[in-house]
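Have a look at the fold first, then come back for the details.

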Amino acid sequence: MEKSFNLPANGKKRVVIIGAGFAGLKLARNLAGSQYQVVMIDKRNFHQFQPLFYQVATSGLEPSNISFPIRKIFQKHTNLHFRNTELLEVKPHEKTIVTQAGELSYDKLVIATGVDTNYFGNKNIEEYGISMKSTAQAINLRNRILESFEAAILTEDRKEQAKQLSVVIVGGGPTGVELSGAIAELKSYVLPKDYPELDFSRMKIRLYEAAPRLLNGMSEKAGKDAFKFLTQLGVEVHLNTKILDYDGDEMILEDGTSYKVQNLVWTAGVGGKRINGIPEEHYVRGNRLAVDRTNQIKGLTDVYALGDIASMQTEKYANGHPQVAQVAIQQARLLSRNLVKDTTEQFEYSDKGSMATIGRNMAVVDLPSFTFSGVIAWFMWLVVHLMAIVGVKNRLFIFINWAQSYFSRDQSLRVLIRPFKKK
C-alpha cells in the first residue's frame, strides 16, 4: 500500500494521470472498469470547462455551472482514484512522481496538464495584466470589472471615469473575441440600467491583435465576420498592433502611442510549464512535450502527454496539432484503447471544425466542408457547448441562464465577492 496516498494494493498495473482537463478526464473515464488502477492527480478537485470562462467573467454564468467535482465522476468506479495534490517532479528512470503529498509509483504516466498564459517574457504584463486560464481567474476578472464600475461612480472626474470604465483585451483568438463581444453586450444592455448616473459613451472596449486578422486558427471568412460583428457591437478592433508594455496604469504600443488603462486582459498566447525531472531536450516550441504518434513522449518509456501540452508532428501538422479540446479528447480516446488492448495504434486527428461566438445571434463556424456565420452558427455554438458540459444538472442550469439572458438581455449574476481577509 502507498503510505502517502492510501491506495489499495490489488496487484493491478497503475496508470497515473496528471491533470483533470479534457484529456485527463476523458482518459480516466475510458479506463473505468479496465485492468488498470487509475490515479488522477490535480491541484483542483474539480474539472473546469475552459471555453466558458469568459461567461463567468462577464456575469453570464455561475462558476459552479462550469465546474464539476472529480470525485462525483469517479463515484461508481472502484478502479478510479483521485488525489488532490500538486505534481512537483517526475522521475522517469525510477517510474515515480513526487507530489506535495509524497511519492507515488506508476506503470504508465500520462501528463495532461494543459497550458498556461504565455506573456512572451514581458514581466510587467505578467504582473499587472489580467489572465483567464482558470475559474478563479475568471472570478477575479469579474471582480475587477465590477470594482471598476463601482469606482467610476464614486468620482466626477471624466478622465478617471473613462479609465475605470474602459477595458483592453489583448489577443484576437476565440477567447479575446468572445470576451470582447460579451463585455460589449454588457455595455449596451445591462450596465446603463445598473449605473444610470454614468455616461457609458466614455466606456471604450479595445481589442488588440498583432496579426493582420482575427481568429488566426480559423478561416479568413470567420475572421472577417468576427471583425464585422465586433464592430457592430461597438468594439474598437486594432489589427497589426502589438502591445509593448503595461505597468498597471499606462499601456504602450509598439509605435510609441500610450493610453491610460485600468483593466488589461491578456489572452494573446499560451505555453506549457516545464516539469521538474523531464529533461529540456523533450520540449519543443511553446514548452510543449514532443510525442510520437501514440502520444508517448519521445525518448521516454511509459510516459505520455495528451492535449495542449503535447506536440505531435505529422505531415499535416508540422508544428503540432491545434490546442483545442477536440484534439485532447481524441488523443485520450486513442490512448485508452492502446492501453486496454496493449496496442500501438497511431493517432490521426479528425477535424470536426471550430467555432466562436461574438454576441447574441452572432457566431462563426468553420466546418471541414464550409464556413458560415450568424444566427444558425450561434445556435449551433450553443448546442455544441451545452452538450460538452459535464453533468445533467450543470447543463440544465446553463440552459436556464442562457434562455433568461436571451429573452431579457440581462445577466443577474453581477455579484462582487471579494476574498475574505481577517482584519
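Which residues form one aromatic cluster? They are Phe149, Tyr195 and Phe200. This is a predicted model, so local features need pLDDT of at least 70 and side-chain atom pairs count only at pLDDT 80 or more, while totals for chains, interfaces and linings use all residues. Residues are numbered from 1 along each chain as its sequence is written, and side-chain values use heavy atoms, with hydrogens and water left out.

**Aromatic pairs and charges over rings**

- The count comes to 8 aromatic pairs (Phe, Tyr or Trp rings, using the six-membered ring of Trp, with centres within 6.5 Å; planes under 30 degrees apart are stacked, over 60 edge-to-face, the rest tilted).
- Trp381 and Trp402 make a tilted pair, 5.7 Å centre to centre with 40° between the planes.
- Trp381 sits in helix α10 (residues 375–388) and Trp402 in helix α11 (residues 392–408), so their pairing ties together parts 21 residues apart in sequence. Helices here are DSSP runs of H or I with at least four residues, strands are runs of E with at least two, and both are numbered from the N terminus.
- Trp381 counts as buried at 1% relative accessibility, and so does Trp402 at 12% (buried is under 20% relative accessible area, exposed over 50%, partly exposed in between, with a 1.4 Å probe and protein chains only).
- Arg206 has its charged end over the ring of Tyr259, 5.0 Å from the centre, and Arg274 lies over the face of Tyr283 at 4.3 Å from the ring centre (the rule: NZ of Lys or CZ of Arg within 6 Å of the ring centre and within 35 degrees of the ring normal).

**Nonpolar cores**

- The largest nonpolar core has 59 residues, and Leu52, Leu179, Leu215 and Ile358 have the most contacts inside it (a core is a set of buried Ala, Val, Leu, Ile, Met, Phe, Trp, Tyr and Cys joined through side-chain atoms within 4.5 Å).
- Helix α7 (residues 174–194) gives the most to this core, with 8 residues.
- A second, separate core of 30 residues includes Ile18, Val90, Ile278 and Met312.

- Strand β14 (residues 243–246) runs antiparallel to β15, joined by 3 bridges (strands pair if DSSP finds at least two bridges between them).
- Ile252 is the bridge partner of Asp245, and Glu250 has Lys260 in β16 as its bridge partner.
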